Amino acid sequence: MIDSRTQQADALIGELRREGSGRLTIFLGAAPGVGKTYAMLSRARELRKQKIDVVVGIVETHGRSETAALIEDLEVMPRARLEYRARIFEEMDLDALLARRPAIALVDELAHRNAAGSRHERRWQDVVELLDAGIDVYTTVNIQHLESLNDVVFRITGIRVSETVPDLVFDRLRDIVLVDLPPRELIERLRQGKVYVPDQAAQALQTFFSPSNLIALRELAMQTAADRVDSDLRELQAARGMSGANMSGTSMRRRVMLAIDGLGQSEYMVRVARRLAERRDAPWTVVTVQTGVVDEARQQELDQAFALARKLGADTDVLRGANVADALLDHAGRTGVSAIVLGRTRERPVARMFNRTLTQQLLQRGAHYELTIVNTPEARARSRRESHAPRLSLTRDDSVFALTATVLAVGIAWLSERWVGLDDLSMIFIVAVVLVASRTRMAAAVITAVLCFLAYNYFFIEPRFTFNIGARQGVTTVFLFLVAALVAGRLASRLRMQVVALRAANAHATALQALGRHLASAADLGQVLAAGRAALQAAFGVQAWVRIGEDTVVSEGAKLTDTDLGAADWAQRHGQATGRYTDTLSGSPWWFLPLRHDQGTLGVAGLRFAADHPRLAFEQRRLAEAMADDIGQAALRTRLVSDLETARVSGETERLRSALLSSVSHDLRSPLASMIGSASSLASYSEAMSAEDRKSLLETIQLEGERLDRYIQNLLDMTRLGHTGLTLNRDWIGVDELIGSATGRLLRYQPQVKLDIHVEPDMRPIWVHPALVEQALFNVLENAAKFSPPGEPVEVDARLVEGKLRIDVRDRGPGIPEEERARIFDMFYSVERGDRGRHGTGLGLTISQGMVGAHGGSVEALPGRDGRGTTIRITLPLIEPLPQKRDA
């Protein structure tokens with residue numbers, strides 16, 4: 001049940017959507033000539049006097065001077081000229097009107113069909129685009145052009161109107177103006193030539209403009225206008241949270257479901273369901289249940305009915321199952337349906353005897369649903385015809401197959417009786433019936449069963465070669481054979497239909513699964529586009545084209561013209577399918593689908609079918625739309641991943657920048673401050689200082705200068721590691737010499753440091769870049785010396801382990817937490833409690849790792865001995881130089 005708060009929220013959302021787009025005003029008439037255009041222009045002149053920007057998009061005067069006089073003071077947009085089959089047609093210039101962006105656009109004849117080559121097939125689609133652009137529209141339409149009333153108008157006038165407007169357009173109404181004229185006055189205007197020319201007027205008076213027709217159409221127009229007013233009132237009350245008599249019906253609003261089978265009158269049923277749903281102010285769904293293979297004619301009718309339903313604002317779905325009633329009731333229970341609408345089922349006397357018709361099953365098992373059975377005069381006439389002639393929709397191939405199977409069964413039975421001595425030949429004929437049923441439809445199986453029944457009786461039941469049956473048990477045998485054959489054929493046919501349905505569903509699922517698998521492995525947008533194009537091409541066997549932003553992939557040999565690209569752009573901007581199989585830019589041979597996501601449209605995909613390809617089946621259309629949605633979601637995922645990675649890199653860059661500034665501000669200012677202070681003291685008080693004080697100040701300047709030089713060298717080394725890389729100039733050097741050089745540099749800067757050095761005896765020299773490895777070892781030693789307590793030595797242990805040189809540098813400092821050991825090699829990372837902190841630049845260990853890594857080695861942080869301090873382990877592979885070739 002939908003509570004009042006949900007209703008109020010839905011109503012407010014609908015109101016906000018209407019306010020966010022252009023507002024539609026329709027001048028509605030019961031018939032041509034009542035004065036709709038005149039009333040619209042009169043209203044436009046009044047608005048023009050109020051300084052409102054009103055522009056005439058297109059108005060048809062039909063030679064009426066009083067109508068033409070009303071246009072004189074209004075701005076009129078020039079019409080677009082289109083050439084088609086050596087003729088020039090004039091239509092409304094939609095692009096010019098969108099560029100002009102008036103406050104109100106006047107668009108006459110809403111149901112008009114545009115000339116070939118226009119962007120849209122119908123003028124109401126142009127109006128929708130104007131509304132989406134935020135332009136208010138005044139338009140005119142007659143009641144017979146409303147799509148849901150098409151069959152009602154046909155029953156009244158006997159004329160089928162082809163130019164119709166979907167009710168979905170009426171749902172965007174702001175105001176509806178009923179332009180009324182009594183039938184007698186309208187007929188008088190017609191006779192005076194104010195509606196049609198005399199020849200057409202005379203013919204119209206005898207057909208459409210009869211008094212009875214005009215009275216019925218006038219009542220229909222009034223009823224439609226009143227229904228729209230009631231609907232607006234209900235929505236306004238819901239938006240304001242009001243309750244009362246008018247809202248009592250909507251508090252129990254549930255979904256209306258129409259079930260169609262594609263066997264005639266499907267579009268009529270859709271229109272009826274639309275009117276029922278509109279009166280109840282309820283959402284509605286159109287479904288069909290497929291229990292097997294659907295022939296081409298039936299599929300075409302279903303496709304047309306579904307297209308009409310979507311145009312009228314319904315949801316559509318294809319259900320699958322062996323039992324139609326089960327599928328309908330299951331779907332109704334899952335989607336909140338309260339009313340089920342279906343047409344009168346076919347005459348099935350035997351099924352009715354056992355309560356097995358669809359209507360009976362729904363009545364018995366769907367007691368809590370409202371069931372509406374709709375009938376038409378055409379259906380009744382068809383039912384009467386079918387009651388006299390059984391319906392066996394057999395093709396020529398089915399008939400030939402049934403006859404061939406019967407002949408083969410007779411031949412095999414004769415051979416079995418003559419050479420094998422088989423007495424019970426009925427099983428051979430039953431096998432033939434099952435074979436036909438499993439390969440064709442049920443009608444062919446029934447024909448095969450009858451033919452096998454007659455052949456079995458004629459050739460193998462005594463007396464032979466006659467249809468007479470001599471013994472009583474023979475009669476029983478023959479008729480039991482017929483029953484068994486029919487039952488076996490029915491079961492085999494149903495099994496075949498289920499297998500075909502499962503194959504179709506499996507093909508659908510397989511295509512989506514394959515697409516999902518490729519999209520899941522796509523790492524960037526280019527791979528998503530390539531995977532999407534390949535999947536679309538493989539699923540439909542046609543050329544495919546996918547575009548997101550500036551990235552495009554297309555099948556080999558496929559080319560898109562400017563018209564095709566214009567259709568693709570329109571599909572992406574408006575989130576609707578365009579091109580072939582649609583009413584928008586249908587001149588393009590490509591069918592374009594928007595790639596949607598939750599926030600809008602991300603791109604567009606196109607499929608180019610062969611010129612002789614029939615209209616797309618509903619299943620194909622649904623598969624393509626599902627694949628397009630999956631591609632859009634995958635593209636959105638890669639875009640989000642890219643945005644997150646960009647944000648992460650930006651954040652990391654900002655962190656490094658801040659760390660660099662902090663490090664520079666500390667490690668540059670500290671030595672510079674000491675140097676400047678010492679130099680200033682020497683400059684100001686050198687004569688008063690003793691020689692020892694001057695020497696101390698000069699040593700301070702030297703030490704701080706060397707410290708600053710080391711910091712700058714670290715920055716330069718880091719730049720080399722990050723951009724240009726390191727060039728290794730290898731040479732032989734002893735391990736003791738390498739360690740001695742690094743410790744000697746350390747003692748020059750920090751003479752108070754104690755060192756405990758252990759080098760494995762008889763260790764052979766190593767083939768490395770001496771300066772780089774010495775610098776890496778020095779950085780590790782300096783790092784350890786900073787945090788070793790006073791009086792505690794820094795241990796250096798060098799030895800060969802498993803064919804590699806391992807140098808361990810241990811300190812007795814506070815150590816590094818285990819969870820932070822891996823991060824100490826990041827640039828500018830500091831551990832206040834451990835070896836990286838107060839006095840470090842945050843680059844030393846990072847540089848050491850890069851220099852050792854360039855030699856194929858590694859640097860890692862380990863816990864110190866006895867749980868105290870930290871051990872930094874340097875591991876270097878022992879590499880031999882390549883032997884040099886001697887010149888011949």
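Strands S22 and S23 (residues 804–810) run antiparallel and are joined by seven bridges. Strands here are DSSP runs of E of at least two residues, numbered from the N terminus. Two strands count as paired if DSSP finds at least two bridges between them. The model is predicted: local features need pLDDT of at least 70, side-chain atom pairs count only at pLDDT 80 or more, and totals for chains, interfaces and linings use all residues. Residues are numbered from 1 along each chain as its sequence is written, and side-chain values use heavy atoms, with hydrogens and water left out.

Seven of the eight residues of S17 are buried, so the strand is mostly covered; buried means under 20% relative accessible area with a 1.4 Å probe, protein chains only. Strand S16 (residues 578–579) runs antiparallel to S17, with two bridges between them. Gly579 faces Trp591 of S17 across this pairing. S17 also pairs with strand S18 (residues 600–608). This pairing is antiparallel and has eight bridges. Phe592 is bridged to Gly606 in S18. A hairpin of two residues connects S17 to S18. In a regular strand, side chains alternate between the two faces of the sheet.

Technical notes
Buried means under 20% relative accessible area, exposed over 50%, partly exposed in between (1.4 Å probe, protein chains only). Helices (H or I, at least four residues) and strands (E, at least two) are DSSP runs, numbered from the N terminus.
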